[in-house]
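Subject: Structure handover

Hello,

Here is the structure I said I would pass on.

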Amino acid sequence: MSGAGQAAEDIAAAHLLRQGLRLLQRNYRCRHGEIDLVMQDGEQTVFVEVRLRRNTRYGGAGASITPAKQQRLLRAAEHYLQRHGSSPCRFDAVLFGSLADGDLQWLKNAFDSSWI
């Protein structure tokens, strides 16, 4: 991971911790993909995708979470839940346009997780 990507994850994790979420795991990897942050919000497991896009030529940070990326995240989350116990869950995204100006956008329920 790039230095900027790691910094974005650090900032995102700190922001979510300040909002009352609890960090369960960083960079959960399995054969299906990777989940940047696994957090807990009350009884809910929250899978967080952190995206940094400095160049908006092909869309902003949110546009980079393609349907294919969403499917990989869903499969990785299912893998996590099978190993750590099933619970209600949601998928959030923390988006950065730039780290320098502190431009952070937290999207709760960024995409549908109803099939898990």
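Leu23 has Met39, in strand S2, as its bridge partner. Strands, like helices, are DSSP runs numbered from the N terminus, with at least two residues (E) for a strand and at least four (H or I) for a helix. S1 and S2 run antiparallel and are joined by seven bridges; two strands count as paired if DSSP finds at least two bridges between them. Two residues separate S1 from S2 in a hairpin.

Before going further, please note that this is a predicted model, in which local features need pLDDT of at least 70 and side-chain atom pairs count only at pLDDT 80 or more, while totals for chains, interfaces and linings use all residues. Residues are numbered from 1 along each chain as its sequence is written, and side-chain values use heavy atoms, with hydrogens and water left out.

S2 also pairs with S3: these strands run antiparallel, with five bridges between them. One of the residues involved is Gln40, whose bridge partner in S3 is Thr45. S2 and S3 form a hairpin as well, again with two residues between them. In that turn, Gly42 has a positive phi of about 65 degrees.

Overall, the protein has two helices and five strands, which follow the pattern α-β-β-β-α-β-β along the sequence. It has 116 residues, and 37% of them count as buried. Buried means under 20% relative accessible area, exposed means over 50%, and partly exposed is in between (1.4 Å probe, protein chains only). The protein exposes about 6300 Å², of which carbon and sulfur atoms supply 45%; the areas come from the Shrake-Rupley method with a 1.4 Å probe, and for residues only the protein chains shown count as cover. Among contacts with a separation of 6 or more, 54% are between residues 24 or more positions apart. Contact here means heavy atoms within 4.5 Å.

The largest nonpolar core has 14 residues. Such a core is a set of buried Ala, Val, Leu, Ile, Met, Phe, Trp, Tyr and Cys residues joined through side-chain atoms within 4.5 Å. Tyr28, Ile35, Val38, Phe47, Tyr80 and Phe91 have the most contacts inside this core. Strand S1 (22–30), strand S2 (33–41), helix H2 (67–84) and strand S4 (89–98) each give two or more residues to the core. H2 gives the most, with six residues. Apart from this core lies another, of twelve residues, including Ala13, Val46, Val48 and Phe96.

Leaving aside neighbours within four places in sequence, Tyr28 is in contact with Gly33, Glu34, Ile35, Val38, Ala76, His79, Tyr80, Arg83 and His84.

How many salt bridges does the structure hold? There are seven, where a salt bridge is a side-chain nitrogen of Lys or Arg within 4 Å of a carboxyl oxygen of Asp or Glu. Three of them are described here.

- Arg26 and Asp10 meet at 2.8 Å, N to O. This pair links distant parts of the chain, with Arg26 in strand S1 and Asp10 in helix H1 (residues 3–18), 16 residues apart. Arg26 is partly exposed at 28% relative accessible area, and Asp10 is partly exposed at 36%.
- Glu34 and Arg29 meet at 3.7 Å, N to O. Glu34 is partly exposed at 23%, whereas Arg29 is exposed at 56%.
- Lys69 and Glu49 have their closest N and O atoms 3.6 Å apart. This pair also links distant parts of the chain: Lys69 is in helix H2 and Glu49 in strand S3 (residues 44–52), 20 residues apart. Lys69 counts as buried at 15%, as does Glu49 at 3%.

Through shared partners, salt bridges join Glu9, Asp10 and Arg26 into one network.

Last, the cysteines. A disulfide is a covalent bond between the sulfur atoms of two cysteines. The structure holds zero disulfides, counted as pairs of cysteine sulfur atoms within 2.5 Å. Cys30 is buried, with a relative accessible area of 17%, and Cys89 is buried at 13%.

Regards
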